[in-house]
Amino acid sequence: MKIGKYEIKHNIIQGGMGVGISWDKLAGTVSKEGGLGVISGVGTGYYKENESLDIKMKKEKPVDVMNFYSKDALKRIIDNARKICGDAPLACNILYACNDYGRIVEDACEAGINIIITGAGIPTNMPAFAKNYPDVALIPIVSSARALKLICKKWKRYDRLPDAVIVEGPLSGGHQGFTYEQCFQEEYSLENIVPPVIEEAKNWGNPPIIAAGGIWDKNDIDKFIAMGCAGVQMATRFIGTVECDAADSFKEVIINAKSEDIQLMKSPVGLPARGVQTNLQKSMSEGTAPKVVCISNCVAPCHRGVEAKAVGYCIADRLGAAYQGDTDTGLFFSGSNGYRIKELTTVHELMEKLTKGE
């Protein structure tokens with residue numbers, strides 16, 4: 001799979017998962033094994049090796065945007081991933097909804113990342129922040145051909161077009177590019193939204209199309225390759241690896257989850273999000289959930305805690321708690337197939353299964 005100037009041995013992208021689920025160990029190992037490892041740029045101020053960095057914390061939470069999206073911590077994560085994968089292509093996922101989005105893109109480029117992936121919004125000005133780094137490949141995540149057309153029209157003013165496009169369906173973990181109702185309607189299934197995006201891409205240089213959302217095994221991969229995709233993105237399945245940066249307790253939550261435990265929920269970002277129903281949701285319904293106090297100011301759509309108070313939880317705090325191993329108040333995002341993870345494996349073993357079907 002070729003993305004920009006980069007050759008990826010296997011047609012598998014490991015999806016970005018924040019806070020702290022896909023950082024140096026997971027992303028570095030996936031790239032080492034021939035896939036495209038993706039570091040999440042979200043919540044880097046929580047990085048466990050940040051003790052020597054000047055990151056201001058309050059109640060064990062990074063204070064405001066500069067600390068939640070720490071430039072120094074992101075560089076350290078990328079550097080540590082490089083120690084694992086060497087010169088193999090390495091990507092960074094940066095949500096468009098992030099406060100200070102442009103600065104984070106520049107930070108990642110400066111730190112030597114090869115590819116930037118952006119979803120959670122329509123990144124119409126993404127190229128503006130990578131203009132000094134022409135070798136960095138840019139990949140938007142879309143949920144429709146219409147979104148791709150809009151992005152390409154806007155990007156023409158920067159004399160750029162996407163180096164690849166990820167099409168994400170409504171079975172993915174975390175935030176969805178659909179309304180709650182659309183997530184259950186057949187017309188918005190990944191199988192139905194991929195073909196129109198492939199057709200639209202032909203009008204814009206025909207970049208590689210990557211299918212994402214609910215991909216589980218080699219049969220799924222082969223199905224979307226046969227439809228005309230260049231590859232797939234998979235995130236949740238990589239949580240079930242030894243190298244995943246998540247706390248052991250996070251992995252246990254996923255391993256112990258049943259199908260009915262994985263549900264769509266409201267999010268301060270304003271989009272439905274899929275995760276495991278745990279004590280957090282129970283405490284929210286009982287009025288005993290942690291009080292919402294905006295410390296990290298993580299995403300623009302939340303309006304400094306206004307939306308968090310409306311839905312009942314702060315997404316930065318709860319994802320941070322999950323990364324820190326707090327199963328009582330943590331938020332555990334998972335794709336719809338997360339319940340199928342029953343035990344841990346290694347990235348090497350998983351990549352063997354995904355590429356050989358064994």
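A polar contact is a pair of N or O atoms within 3.5 Å. In this predicted model, a polar side-chain atom of asparagine 67 lies 2.7 Å from the backbone oxygen of valine 63. Asparagine 67 belongs to helix 2 (residues 64-68). Its relative accessible area is 14%. Buried means under 20%, so asparagine 67 is buried. Beyond its neighbours within four places in sequence, asparagine 67 is in contact with Gly45, Asp54, Ile55, Lys56 and Pro62.

Helix 5 (residues 145-155) has the buried residues Ala145, Ala147, Leu148, Ile151, Cys152 and Trp155. These residues lie on the same side of helix 5, because they cover an arc of only 155 degrees around the axis. Their cover includes strand 9 (137-142), strand 10 (165-168) and helix 6 (190-201).

The whole structure contains nine aromatic pairs. One of them joins tryptophan 23 and tyrosine 323 edge-to-face, at 5.1 Å centre to centre and 70 degrees between the planes. The two residues are 300 residues apart. Tryptophan 23 is in the loop between strand 3 (12-14) and helix 1 (24-32), and tyrosine 323 is in helix 11 (residues 315-323). Both are buried. Phenylalanine 178 and tyrosine 188 also pair edge-to-face, at 5.9 Å and 65 degrees. Both lie in the loop between strand 11 (174-175) and helix 6, so this pair ties together parts ten residues apart in sequence. Phenylalanine 178 is buried, at 5% relative accessibility. Tyrosine 188 is partly exposed, at 22%.

Ring pairs also link Trp23, Tyr47 and Tyr323 into a cluster. The charged end of lysine 48 sits over the ring of tyrosine 323, 5.0 Å from its centre. Arginine 237 lies over the face of tryptophan 216, 4.2 Å from the ring centre.

Key. Residues are numbered from 1 along each chain as its sequence is written. This is a predicted model: local features need pLDDT of at least 70, side-chain atom pairs count only at pLDDT 80 or more; totals for chains, interfaces and linings use all residues. Side-chain values use heavy atoms; hydrogens and water are left out. Buried means under 20% relative accessible area, exposed over 50%, partly exposed in between (1.4 Å probe, protein chains only). Helices (H or I, at least four residues) and strands (E, at least two) are DSSP runs, numbered from the N terminus. The arc is that of the directions from the helix axis to the C-beta atoms. Contact means heavy atoms within 4.5 Å. A polar contact is a pair of N or O atoms within 3.5 Å; within protein, one must be able to donate a hydrogen and the other to accept it, and residues adjacent in sequence count only if both atoms are side-chain atoms. Rings of Phe, Tyr and Trp (its six-membered ring) pair if their centres lie within 6.5 Å; planes under 30 degrees apart count as stacked, over 60 as edge-to-face and the rest as tilted. A charge sits over a ring if NZ of Lys or CZ of Arg is within 6 Å of the ring centre and within 35 degrees of the ring normal.
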